[in-house]
Amino acid sequence: MSSMFGKNRAGNLSTIPDKCVKECNVAILGCKGSGKSALLVKFLTKRFISEYDPNLEDTYTSEDIVDQQPVILKIMDTADQEEPANMERYLNWANAFLVVYSIDNRRSFEVCHQYLESLCQCTKALHQERPIILLGNKLDMERYRQVSKSDGITMASKYGCLFFEVSACLDYDCVQHVFHEVVREIKKAAKRKLPIHPLFITEEKPAVALSSVTPISATCKEMPSIAQAKLITVKSSRAQSKRRAPTLTLLKGFKIF
Ligand SMILES: Nc1nc2c(ncn2[C@@H]2O[C@H](COP(=O)(O)OP(=O)(O)OP(=O)(O)O)[C@@H](O)[C@H]2O)c(=O)[nH]1
């Protein structure tokens, strides 16, 4: 059933105008400590946190406006231990991926290589496209940089991803821009009539996916069975044209004020 659903959705995408693209599921991948949670919290609240429980996987929902169109962003903060695991599970759920490394940690960059390789292999096998953005985090740690910007660009080019460098603890606008780019990329993929939906749908059904700054263009991509992932809805004040960050309880068990 889920498989059929996936195919049907894919088939209908060509007839779906931009304004109907309402929902997208984004999985944030990357090794421990790369700053996935911090980036997500920054996007949701404009704040930077440094405390977290690294072992929990959660999914958050944010209502936002991208290019004057409302969108529901569901974002999964994954918690792989050391290396890519359970890629199928992610591929079954996500419309797009943010693959994160820390510019001051070479190992985290190498793990991204594994993620990108896995994602591309899976999406190729499934003949599907999932937008991917390669994201170098902790730009504020420039003086400890172990991964050059050109290394990031090269890897992104290789896998047909967009590429950005940001800092979760600095400028909010840059972080927001990345998430909005994901939405634009998903929209572009939908316009190209590519099947950006999961082949297997669980309770977490992406309605229609969505997703351009910078560099390189996207090529490969594809999805998780959000097993027991906790879903937390954050009614973003941004969606209501207010710039106040909401108070919410989320992120791996921590309270953010
Ligand atoms: N200097 C700096 N530190 C950051 C930044 N982003 C995250 N951190 C710190 O890096 C550490 C790991 O951040 P997390 O957001 O928990 O990383 P994660 O990828 O979610 O890690 P796991 O939860 O273990 O998967 C924390 O101490 C954060 O405070 C950043 O942009 N700059």
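User: Which residue is the bridge partner of Tyr60 in strand 3?

Analyst: Ile75 is the bridge partner of Tyr60. Bear in mind that this is a predicted model.

User: What makes strand 2 and strand 3 a pair?

Analyst: Pairing takes at least two bridges found by DSSP. Strand 2 (residues 58-66) and strand 3 are joined by 9 bridges, so they pair. They run antiparallel. They also form a hairpin, with 2 residues between them. In that turn, Asp67 has a positive phi of about 50°.

User: How do you know that strand 1 pairs with strand 3?

Analyst: The same cut-off of at least two bridges applies. Strand 1 (residues 23-30) and strand 3 (residues 69-77) have 6 bridges, in the parallel sense. Therefore they count as paired. Asn25, for one, stands opposite Lys74 in strand 3.

User: How do you know that the length of helix 4 agrees with its residue count?

Analyst: Helix 4 (residues 106-126) has 21 residues. At 1.5 Å a residue it should span 30 Å. Its end C-alpha atoms are 31 Å apart, which agrees. Just after helix 4, His127 takes a positive phi of about 55°.

User: What makes Phe109 in helix 4 buried?

Analyst: The cut-off is 20 or more other C-beta atoms within 10 Å of its own. The buried residues of helix 4 pack against strand 1, helix 3 (87-91), strand 4 (96-102), strand 5 (132-137) and helix 5 (149-159). Over the protein chain of 257 residues, 49% count as buried.

User: Why is helix 2 called roughly perpendicular to helix 6?

Analyst: Helix 2 (residues 36-45) and helix 6 pack at an angle of about 100°. The range for roughly perpendicular is 65 to 115 degrees. The angle falls inside it, so the label holds. Their axes are 9 Å apart. Leu39, Lys42 and Phe43 in helix 2 meet Tyr172, Val175, Gln176 and Phe179 in helix 6.

User: Which residues of the largest nonpolar core touch the most other members?

Analyst: Val26, Ile28, Val99, Ile132, Ile133 and Leu134 do, out of 60 residues. The largest share of this core, 8 residues, comes from helix 6 (residues 172-191). Leaving aside neighbours within four places in sequence, Ile28 is in contact with residues including Leu39, Leu40, Ile75, Met76 and Leu98.

Methods:
Residues are numbered from 1 along each chain as its sequence is written. This is a predicted model: local features need pLDDT of at least 70, side-chain atom pairs count only at pLDDT 80 or more; totals for chains, interfaces and linings use all residues. Helices (H or I, at least four residues) and strands (E, at least two) are DSSP runs, numbered from the N terminus. A nonpolar core is a set of buried Ala, Val, Leu, Ile, Met, Phe, Trp, Tyr and Cys residues joined through C-beta atoms within 7 Å. A residue is buried if 20 or more other C-beta atoms lie within 10 Å of its own, exposed if 12 or fewer, and partly exposed in between; C-beta atoms are placed from the backbone. Two residues are in contact if their C-beta atoms, placed from the backbone, lie within 7 Å. The expected span of a helix is 1.5 Å times one less than its number of residues. Axes are lines fitted to C-alpha atoms, for helices over the stretch in contact, and angles run from 0 to 180 degrees between N-to-C directions. Angles under 35 degrees count as roughly parallel, over 145 as roughly antiparallel, 65 to 115 as roughly perpendicular and the rest as oblique.
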